[in-house]
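I opened this notebook to keep track of what I looked up, beginning with the sheet and ending with the aromatic rings.

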Amino acid sequence: MLFSEIVIAGCGNPLFADDGFGPAVIEEMQNLSLPDNVTIIDAGLGGPHFIFTLLDPEVTKKLIIVDIADFGAEPGQITKLRPEELPPGAYRDAHSWDLTEPLQRIKDRIEVTIIGVQPARVTAPEFELGLSDELEKAIPKAIRVILETTGVDYGTTIECLQEKHQRGTA
């Protein structure tokens, strides 16, 4: 099915350290058995592409974007944002596409939530593979927030993921 009721898109580039948080969350979520009405996508740098082409307001009811966001917190802290909370030009992908405006256009037809994590380091334009320890440990918490936002209850599965990441065995 091309379109689903709930779309979870992990945005970012794993070549630039913590910028790879969104794709890392999606990779971990692929280990979960999610309902058929939920689609998870490693959007990489293609966030605008997914917003414009993979959502059908007649079918899609929720879009959850997982990405880094600088909101002045400690590295690894997570926040939930709505499109109206994003100042113009504040949310861009690596190619400087302003995503605030397209999100504003769809927010009245699709419920949009941005799950943002405060990065510790983003190395662009220098390459660095791997997340900081703070963001690695934030993956289970982000998944818990995502599942709560979608209405999916995973309980002990998320606790096990959190223990695994706290031990550093990801």
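My entries on the sheet, its helices and its aromatic rings follow.

I note that this is a predicted model, in which local features need pLDDT of at least 70 and side-chain atom pairs count only at pLDDT 80 or more, while totals for chains, interfaces and linings use all residues. Residues are numbered from 1 along each chain as its sequence is written, and side-chain values use heavy atoms, with hydrogens and water left out.

Sheet. I looked up the strand order and found an open sheet of five strands, β2-β1-β3-β5-β4, with mixed pairing; strands (E, at least two residues) and helices (H or I, at least four) are DSSP runs numbered from the N terminus, and two strands pair if DSSP finds at least two bridges between them. β2 (38-44) and β4 (78-81) each have a single partner strand, so one side of each lacks a neighbour in the sheet. I then followed β4 to β5, which pair in the antiparallel sense over four bridges, and saw that Thr79 has Gly116 in β5 as its bridge partner.

Helices. α4 packs on the sheet and touches β1, β3, β4 and β5, where contact means heavy atoms within 4.5 Å.

Aromatic rings. I counted one aromatic pair, the rule being that rings of Phe, Tyr and Trp (its six-membered ring) pair if their centres lie within 6.5 Å, with planes under 30 degrees apart called stacked, over 60 edge-to-face and the rest tilted. Phe16 and Phe127 form this stacked pair, at 5.7 Å centre to centre and 20° between the planes. The two residues are 111 residues apart in the chain.

Methods. Axes are lines fitted to C-alpha atoms, for helices over the stretch in contact, and angles run from 0 to 180 degrees between N-to-C directions.
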